[in-house]
Amino acid sequence: MEMVLRQFDYWATTYRRTWRGSVVSTFVMPLFYLLGMGVGLGTFVDDRSRSELPGAVSYLEFIGPGLLATMVMMTAVFESTYPVYGNIKWAKVYESMLATPLTVGHVLNGHLLYVAFRVATMSVVFVVVLTGFGVVDSVAGGLAAVAVAVLIGMAHATPVFAYSAKIDSDDGFAPLFRLGLLPMFLFSGAFFPTENLPDGIEWLAYAMPVWHGVEVCRDVTLGMVDWTADVGHLAYLVTWVVVGWALARWSFGNRLAEGT
Amino acid sequence: MSEAATEPEPVAGGDVDGPMILATGLRKRYGRLEAVCGIDVRVERGEAFGFLGPNGAGKSSTMRMVGAVSPVSAGELRILGMDPATDGPRIRARLGVCPQLDTLDMEISVRENLTVYGRYFGMSRAECARRADELLSFVQLTDKADGKVEELSGGMKRRLSIARSLINSPDVLLLDEPTTGLDPQARHLVWERLFRLKQRGVTLVLTTHYMDEAEQLCDRLVVMDKGLIVAEGSPADLIRAHSTREVTELRFGVGEHEDVAREVKDLADRVEVLPDRVLLYTDDGEAAAVAVHERGLQPTSVLVRRSTLEDVFLRLTGRTLVD
């Protein structure tokens, strides 16, 4: 861990350059989404189907935690694409780090930790905004939501790190965003219950880590924890982190130790 | 201009008794391609050692193995007496690496590039700051300390790379093509700094495809071609062993060089034909030039010069270094 923390000054220096812009967008984005979809669309939805939403919650309450989970996924994926690819191919940041006592594992974990930090800060802001809309049931629930959000972030960041270190051209990101990220966002269960999806797509949604993240986020935020189901969701997310990390480690090793 | 610059601290002696780098039968394969095909290298403490060869000769692959970054495919390699397969981090802690393409961070300041880097070696913030100022002064970039890296010229960036590679006071400094792509003035400035390091007793290992660079900086060098070492020695030794003292270069019209070569064959120890000129290898270049004119040949230009490593390379491989 000491070796990973040796990178702290680097990432802190990088963050100092960008944090102002990112704080504004992480605050403004949930605000707009919650106003537009939660309040605007919600008023329309609640009139006809309130009783049909699980737990008979309002649409704002339904969509708020779901938005947190999907926004975290988006941020984690973006932070794991160009920044990783650029550090390999353009800025060669990793290469310069690997000429020091740091190893591939240290460099990978250092960058992942930075992504976790980014996800955590945006989640805190998001949860504060959610609290403002009266969606968060308790302080404990809010804190749990942040913790779950970081787990969701890592479940997506690790496999995308592996992917970004594997591709030979940044053209590889277009299919990832269009065929991976966009359907995951729409079919995550954040905006409508996944049962409303056609059967095939419904099962695909259950295979995606983000759906599990949406479910747990909603349960902890609204104070409706179902221990059996939620522990299962968390275990599934942890599995993605573990497998994703192993893939990322393998991918980084191939790419960085052989110097291409 | 160099008098004002402060010197970096003398390099720590280290605890290595034997050679700094020792390679036996060293090989590097990438899939089916073999970039390094079995080389023996020995670099002693305080030596300036060079790998000379054209692009694709296997120099950079060798450097990456010596830098304990790229795994050895076959053969034995010891750096500072340690095995890179098991002691990579400990070896890298005592190396300085200046890569062929600058890997500086464009988005942080010149000085931050050094202070952040020192932290990777486990140095304290105070030590990083002190060392950064010292090194910025050494590479004459003190007045650029707070500027962005992208505002620096190519030569300044290279000097900053060298400064960064010295942040941990390394026992061995590895430089991959240290002046490739720089203009002549910037090259001389880099050479002058490297020469100072050499005087301080830093072991330098560099690759280059410039013969003048190898002659300027290297006590000893190996000539590499197609993954193998084809000659080894000091620049003077190599020239003595593989070339004559002087060379007379004759230029004629396009396509005439083959015929001319036949006519002047007996005037030199050896004659080489290049696309744009004929080279006469002889110990007395002036005499050869006079003899050519006496035969009624009218070259468009005549140049008499001393033999260089370029001639050694041409002799050993039949090719020029820079195409």
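The C-alpha centres of domain 1 and domain 2 of chain B lie 39 Å apart. Domain 1 covers residues 21–233 and domain 2 covers residues 244–306 of chain B, with bounds that come from an automatic or database domain assignment. This is a predicted model, in which local features need pLDDT of at least 70 and side-chain atom pairs count only at pLDDT 80 or more, while totals for chains, interfaces and linings use all residues. Residues are numbered from 1 along each chain as its sequence is written, and chains are lettered from A and ligands numbered from 1 in the order in which they are written.

**Where the chains meet**

- On chain A, 20 residues are in contact with 23 residues of chain B; contact here means that the C-beta atoms, placed from the backbone, lie within 7 Å.
- Two elements of chain A, α2 (8–49) and α5 (93–98), each give two or more residues to the side that touches chain B. Helices (H or I, at least four residues) and strands (E, at least two) are DSSP runs, numbered from the N terminus.
- The largest share of that side, five residues, comes from α5(A).
- By class, the side of chain A that touches chain B has nine nonpolar, five polar and six charged residues. Ala, Val, Leu, Ile, Met, Phe, Trp, Tyr, Cys and Pro count as nonpolar, Asp, Glu, Lys and Arg as charged, and the others, Gly among them, as polar.

**A sheet in chain B**

- Four strands of chain B form an open sheet in the order β11-β12-β10-β13, with antiparallel pairing; two strands pair if DSSP finds at least two bridges between them.
- At the edges are β11 (270–274) and β13 (301–306) of chain B, each pairing on one side only.
- β11(B) and β12(B) (residues 277–282) pair in the antiparallel sense over five bridges, and B:Arg270 stands opposite B:Tyr281 in β12(B).

**Two helices crossing in chain A**

- The axes of α10(A) (residues 209–222) and α11(A) (residues 227–257) come within 9 Å and cross at roughly 140°. Axes are lines fitted to C-alpha atoms, for helices over the stretch in contact, and angles run from 0 to 180 degrees between N-to-C directions.
- α10(A) and α11(A) are therefore oblique to each other (under 35 degrees counts as roughly parallel, over 145 as roughly antiparallel, 65 to 115 as roughly perpendicular and the rest as oblique).
- Residues of α10(A), including A:Pro209 and A:Val216, meet residues of α11(A), among them A:Leu237 and A:Trp240.
- This contact of α10(A) with α11(A) has six nonpolar, three polar and three charged residues.

Conventions. Two residues are in contact if their C-beta atoms, placed from the backbone, lie within 7 Å.
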